[in-house]
Amino acid sequence: MQNGLISIGVVVLLFLFGAGCSSVAETGEETAPSPDDRIQQTLERELHAAVLDRLHLLDQAVLSAAAHAAAVGLDDPSTHEVLANVTDTFSDCVIDVITIDADGRITGVYPPEFASAIGSDISAQPHIRVLLDQKKPVLSGVIRTVEGVDAAVLAYPVLHPDGTIAGGISALFSPAGLIGGAVNSFEMTAPFRALVITVDGLILYSPDEEEIGEVLFSDPGYALFVDVERFMTRIGVEERGSATVGLSGVQKQIIWDTASLHGTDWRLLVIKEC
């Protein structure tokens, strides 16, 4: 359930990359794009559009649920039906949807197998504090749930007619599930692959499920590679770009863009081995 701890992510991308095949050099000098470069750029655009579309659909569903609760009350039976609708509509990624009161206590949950969480105080969680104190929607960082699942929270405040906080609606979802649904909406085949990470390098999505939840370049040995350090510095601060990273004779060409929602950024990478 949603009373987990915020996971601390550092960057872990190295085992995916190599050096020297980018059509845009580190100096910014451009060469004519090859057919593969154009394919990679098209795939990046498709990945960006698909991930944002899925994020915005979930965001709209939670917003609509919060608007409904504001109109009829958090405890109205129809609000529970709205929670069920959000969960069922996004069954490939949503784990549960809850209502919380103004004190940050869970007052309702769907699906019902998580009903034991009702009454739990989650007010100390950073995203819940943003929700209640600032009355703003929030997309959290990654949370390790009590079941050991890496998830994120998308939540909206519920306000009384006078503008004071009544509570909120919070959807706990799997970023890997949401992004996987986006990636499956278009064709991406070898030698290209998609990877989605947080700005500090936590892997949210990879076609290799064993990599999800890892941190890119966490092995101290990777610090020896200048290309890796340069790449990781850039991707931590640049919303979009391209780079080529070299490692042990392997070269990887990477382009990336950013999907942003409620102040949280995800880096969307398309990688080609060359």
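Where is Glu 238 found? Hold that thought, everyone, while I say what we are looking at. This is a predicted model, in which local features need pLDDT of at least 70 and side-chain atom pairs count only at pLDDT 80 or more, while totals for chains, interfaces and linings use all residues. Residues are numbered from 1 along each chain as its sequence is written, and side-chain values use heavy atoms, with hydrogens and water left out.

Now to the answer: Glu 238 sits in the loop between α5 and β10 (241–247). Helices (H or I, at least four residues) and strands (E, at least two) are DSSP runs, numbered from the N terminus. Glu 238 has 27% relative accessibility, so it counts as partly exposed; buried is under 20% relative accessible area, exposed over 50%, and partly exposed in between, using a 1.4 Å probe and protein chains only. Leaving aside neighbours within four places in sequence, Glu 238 is in contact with Trp 256 and Arg 267, where contact means heavy atoms within 4.5 Å. Glu 238 and Arg 267 are 29 residues apart along the chain, and their C-alpha atoms are separated by 9.3 Å.

Let's follow Trp 256. The structure holds one aromatic pair: the ring centres of Phe 231 and Trp 256 are 5.6 Å apart and the planes are at 90°, so this pair is edge-to-face. For the cut-offs, rings of Phe, Tyr and Trp (its six-membered ring) pair if their centres lie within 6.5 Å, and planes under 30 degrees apart count as stacked, over 60 as edge-to-face and the rest as tilted.

Next, helix α4 (residues 175–183). Seven of its nine residues are buried, among them Leu 178, Ile 179 and Val 183. The buried residues of α4 pack against α1, β6 (150–159), β7 (165–173), β8 (192–198), β9 (203–205) and β12 (264–273).

Finally, stepping back to the whole chain. Its secondary structure comes to five helices and twelve strands, and buried residues make up 51% of the 274 residues. Of the contacts between residues at least 6 apart in sequence, 60% join residues at least 24 apart.
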